[in-house]
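Please report on the ligand surroundings and on one helix pairing in this model.

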Amino acid sequence: MSIKENLSTIKSSFLDPDCTLVAVSKTKPVEAIQEAYAAGIRDFGENKVQELMEKAPQLPSDIRWHMIGHLQRNKVKYLVDTVHLIHGVDSMRLLREIEKQAAKVGRVLQVLLQVHIAEEDSKFGFDAEELQEALLSEELAACRHVKVCGLMGMATFTEDEAQVSREFEGLKRLFDRCKSLSLPEHVQLETLSMGMSGDYLLAQKAGSTMVRIGSAIFGARA
Ligand SMILES: *Cc1c(COP(=O)(O)O)cnc(C)c1O
């Protein structure tokens with residue numbers, strides 16, 4: 001199956017046609033991205049800063065680049081001019097660095113706060129309590145160069161669909177609860193980024209507004 005065929009199969013399976021599809025192109029060559037671009041995709045996700053920065057100049061400038069992986073603070077400065085949305089903001093320290101680098105170039109950077117929903121300890125992110133604390137903090141209120149657009153989460157890597165669904169539903173409830181808080185004006189929780197190749201339908205069923213799909217589009221990664 002070609003990239004174009006994979007995309008059309010995936011798109012036609014969507015439970016929510018308005019859900020944004022981010023094509024995760026990490027480890028894949030520029031030619032593969034061009035193929036997806038030709039099929040109409042404009043949102044692409046990478047998880048390594050260096051790889052994103054190498055690919056972006058070789059591709060059309062109307063691509064919206066999503067930084068989806070764990071982001072180290074010392075790499076933020078390289079991204080500020082290029083990135084459309086940073087999905088994995090998992091600490092106030094990282095948020096502070098994004099604020100600092102964005103202020104330097106006079107930009108407002110869009111971010112999602114990553115929430116820890118999986119069973120594994122290895123996954124990054126805020127827990128529910130830390131998240132509410134961060135959203136209501138004076139420090140976040142003072143970050144004028146960051147726009148918090150929503151939340152991101154990754155479910156446990158398991159065959160157990162009931163567990164995956166529970167985790168996504170839990171994140172959706174947390175998202176709705178956070179939306180009802182009285183938040184600063186630069187916090188507008190509209191995006192709920194959850195779902196990958198293996199679980200995007202479960203994520204959409206639970207209320208995802210953005211899915212990050214790699215291998216189902218581009219094939220398995222080496
Ligand atoms: C790699 C990756 C994806 C895409 O994974 P697939 O299973 O290939 O769809 C989604 N989100 C994040 C954060 C990733 O690192």
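An oxygen atom of the ligand sits 2.8 Å from a side-chain N or O atom of Arg221. That is a polar contact (a pair of N or O atoms within 3.5 Å).

| Residue | Residue atom | Ligand atom | Distance |
|---|---|---|---|
| Arg221 | side-chain N or O | oxygen | 2.8 Å |
| Ser215 | backbone N or O | oxygen | 2.8 Å |
| Arg212 | polar side-chain atom | nitrogen | 2.9 Å |

The model is predicted; local features need pLDDT of at least 70, side-chain atom pairs need 80 or more, and totals for chains, interfaces and linings use all residues. Numbering starts from 1 along each chain as its sequence is written, and side-chain values use heavy atoms, without hydrogens or water.

Residues surrounding the ligand (a heavy atom within 4 Å) include Val24, Lys26, Ile68, Met152, Met154 and Met196.

Now the helices. The axes of helix 6 (residues 128-135) and helix 8 (residues 161-179) come within 11 Å and cross at roughly 25°. Helix 6 is therefore roughly parallel to helix 8 (angles under 35 degrees). Their crossing is right-handed. From helix 6, Ala128, Leu131, Gln132 and Leu135 meet Leu174, Arg177 and Cys178 of helix 8 (heavy atoms within 4.5 Å). This contact has 5 nonpolar, 1 polar and 1 charged residues.

How values were computed:
Axes fitted to C-alpha atoms, helices over the stretch in contact; angles between N-to-C directions. Helix = DSSP H or I, 4+ residues; strand = E, 2+ residues; numbered from the N terminus. Parallel < 35°, antiparallel > 145°, perpendicular 65-115°, else oblique. Left-handed = near helix turned anticlockwise from the far one by under 90°. Nonpolar A, V, L, I, M, F, W, Y, C, P; charged D, E, K, R; others polar. Polar contact = N/O pair within 3.5 Å; in protein donor to acceptor, adjacent residues only side chain to side chain.
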